[in-house]
Structures are given as C-alpha cells and as structure tokens.
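I want to look up which helices pair up and how they cross.

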Amino acid sequence: MARFLLTGGGTGGHFFPALAVAEALRKRGHEVFYLGAEGGLEATLLPQSGLPHALIPAGKLDRSAFRPGEFWKLREGLRRARRVLEEVGPKAILSTGGYAGFPGGWVGAGMGIPLLLHEQNAKLGLAARALALRARGLALSLPTPLPPFLEKKARVVGYPVREVRYPQGEAKRRLGFPEDKPLLLVLGGSQGSLELNEKLPPLLKPLGLPVLHQVGPRWAERYQALEEEHYRVQGFVDVPLAMSAADLLLARAGAGTLAEAAFHRLPALLFPLDPKLDGGAQRANALAYARSGGMALGEFGRLGAQVMEMLEGKEQYQKALSALSPEGAAGRLADWLEAL
C-alpha cells in the first residue's frame with residue numbers, strides 16, 4: 001500500500017478525472033489525499049466524497065490580462081501546498097491541471113516527488129505547459145501534438161469517466177421517452193450554454209423528435225417555457241442515464257463530455273466555444289473527434305439536415321467512436337502512478 005496525492009480542479013473537467021483515479025487507487029488499497037482550490041468545484045464536492053483533503057488558494061492566471069490579486073493567491077497557494085506535502089508525504093502526485101492543479105504539482109516536483117500530469121484536452125492547458133518540464137510523465141486523453149522534448153514522456157491513456165451504461169430501452173423508459181423514436185440529447189456543459197439554449201430549440205422542435213435538453217441549473221427556471229410533450233428541459237441531467245438513452249448528442253466540446261459520449265458510442269454534433277474564451281481547447285477537441293469520423297461540427301444553418309444524416313448513419317459513427325472509448329483510463333493512470 002502506498003499514499004498518493006491527487007490535485008486539480010476548479011471545474012468539473014479537471015476534477016472528475018482525478019476523482020475517478022482516486023476511486024481506482026482506493027480499490028487497490030492505497031491511501032489518497034486530495035489537494036484542491038478554495039472556491040473551485042471540488043470545494044463543494046470533496047466533503048461528499050469521503051476523501052481526506054485540503055483546500056488552498058490557487059491564483060487563476062488569465063490568458064489575456066495580469067491580475068495582481070490572483071498572483072498573490074498563487075504565492076500563498078505555493079506556500080501552503082508545501083506544508084500539505086510535507087505532512088502527507090506522498091509516493092507520487094497526479095495533477096489533472098486547471099489552476100487548482102498547479103501549486104501542488106509545482107512544489108511537489110521541486111521537492112523531488114514524482115509528478116504525473118493528465119491533460120484532458122487535445123491541446124495542452126496553461127498548467128500542463130508550466131508543469132510539463134518537471135513531470136515524470138504526461139498522460140493524454142487523445143493523441144495531441146507535442147514538442148519533441150515532451151513526446152518521449154507522453155502516453156495516451158484516455159479520459160477517466162464514470163463507466164456506467166444502461167440498456168437503451170430501459171434508459172428511455174426511465175426518462176419517460178418512447179423507445180421507438182430517436183432521442184436527441186442537448187448538453188451545454190454542467191452549467192449549460194446560453195447560446196445553445198437560445199439557438200437549438202427553434203431548430204429542433206420542427207423535426208418532431210423527442211429531445212432532452214440540459215439548460216444548466218442557473219437557467220432552469222428561465223427555459224421552462226420551452227417544455228412540450230416531446231421537448232423536455234432540465235437544469236441538470238443524470239449523464240450516464242441520458243447518454244445511454246440518446247441516439248444523438250448536440251453539445252459543446254468539453255473534453256469530459258466527448259469522452260463520455262465516446263464511452264457510450266454516442267455520435268455528436270459539436271458547437272465548440274469561441275477560441276477567445278478557452279484558448280482553443282474545445283475547438284481542438286471537436287476537430288480531433290471529427291477527424292475520427294465519430295462526430296461532426298454542427299452548423300446552425302443546416303442543422304435539421306445534419307441531424308437526419310447522422311441518425312441515418314448512426315452505426316458508422318458508433319464504429320468510429322469505439323476506437324476513442326476511454327474505457328479503463330482510470331486503471332491505466334493508477335498503473336502509471338504505482339510504477340513511478
């Protein structure tokens with residue numbers, strides 16, 4: 001048995017993969033300690049997980065502007081990360097990135113503790129780029145272009161997801177949709193997407209197909225007026241159940257959503273964020289999955305035709321997605337950590 005420190009978060013895209021690896025390590029009898037950021041999503045979810053943990057300040061460095069307050073948070077975060085690492089004494093560290101994953105990874109590697117990074121997107125994030133030189137290994141969710149000095153320490157392991165599937169008929173019955181009609185699932189990320197909430201309903205309703213639309217918790221009340229017999233609106237959906245039921249996904253291109261869709265062999269039409277908002281990470285994800293043949297970039301101007309084309313060719317898209325399934329990713333990361 002060994003003790004590992006996992007760090008990363010701020011958003012679900014960075015936190016949930018680490019949580020999946022924590023579960024895999026604990027099943028093997030290891031101790032896991034989690035280092036998260038004050039104010040991040042993990043601050044809400046870690047108390048429910050049963051994992052011993054600590055929360056520290058972690059300055060969020062902006063891509064477009066220098067914010068002095070965030071710099072001072074980062075400086076304090078580095079100091080407190082050292083104290084946590086000295087107390088925990090882990091065998092190795094896994095950082096899944098985000099601003100929350102930087103202080104522990106940076107300080108730990110400087111103390112000589114082996115550091116493994118996991119990058120969720122098809123483009124390295126700021127934290128991963130800053131930590132990569134100090135890391136012993138770089139685990140990737142997808143084949144990702146890298147400079148030569150990083151290629152030798154990189155390996156594609158997939159994106160850890162909740163590996164729960166339901167038979168499609170059972171999932172549709174549980175959600176209250178007919179089993180004999182294709183179900184469209186709309187996801188705009190865990191917080192919903194205002195653009196998708198506004199633009200997709202008037203384009204999808206004329207198709208006459210059942211739709212389950214996750215609008216985001218903060219928009220749930222505002223969009224209740226969209227509800228019709230076959231157009232259902234929810235603030236937040238049970239993603240494994242919804243993806244098991246669905247025949248086609250219409251979504252942003254967050255790494256977690258796409259990995260879960262690949263696990264469920266669920267073809268998708270993608271509407272990535274403007275690169276100005278996320279540094280181009282979602283655009284890179286969308287292009288990587290589109291090149292695989294399992295998904296496509298959505299076009300609002302011809303959405304109806306795109307939906308029908310993908311439903312008619314569903315089996316072909318599912319076959320392409322099987323090569324991108326992240327099944328077993330948490331176990332592969334646990335293997336790598338044990339070997340460090």
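For contacts I count heavy atoms within 4.5 Å. Helices are DSSP runs (H or I, at least four residues), numbered from the N terminus.

Housekeeping: this is a predicted model, where local features need pLDDT of at least 70, side-chain atom pairs count only at pLDDT 80 or more, and totals for chains, interfaces and linings use all residues. Residues are numbered from 1 along each chain as its sequence is written, and side-chain values use heavy atoms, with hydrogens and water left out.

Entry one, H10 with H12. I looked up H10 (residues 255–263) and H12 (residues 281–292), and their axes sit 10 Å apart at an angle of about 20 degrees. Axes here are lines fitted to C-alpha atoms over the stretch in contact, and angles run from 0 to 180 degrees between N-to-C directions. H10 and H12 are therefore roughly parallel (angles under 35 degrees count as that). Their crossing is right-handed, meaning the near helix is turned clockwise from the far one by less than a right angle.

Which residues meet? From H10 I noted Ala255, Leu258, Ala259 and Ala262, against Asn285, Ala286 and Tyr289 in H12. By class, that contact has six nonpolar, one polar and no charged residues. Ala, Leu and Tyr count among the nonpolar ones, while Asp, Glu, Lys and Arg are charged and the others, Gly among them, polar.

Entry two, H1 with H2. The axes of H1 (residues 12–27) and H2 (residues 41–49) come within 10 Å and cross at roughly 20 degrees. That makes H1 roughly parallel to H2, and H1 passes H2 in a right-handed crossing.

Terms used:
Angles under 35 degrees count as roughly parallel, over 145 as roughly antiparallel, 65 to 115 as roughly perpendicular and the rest as oblique.
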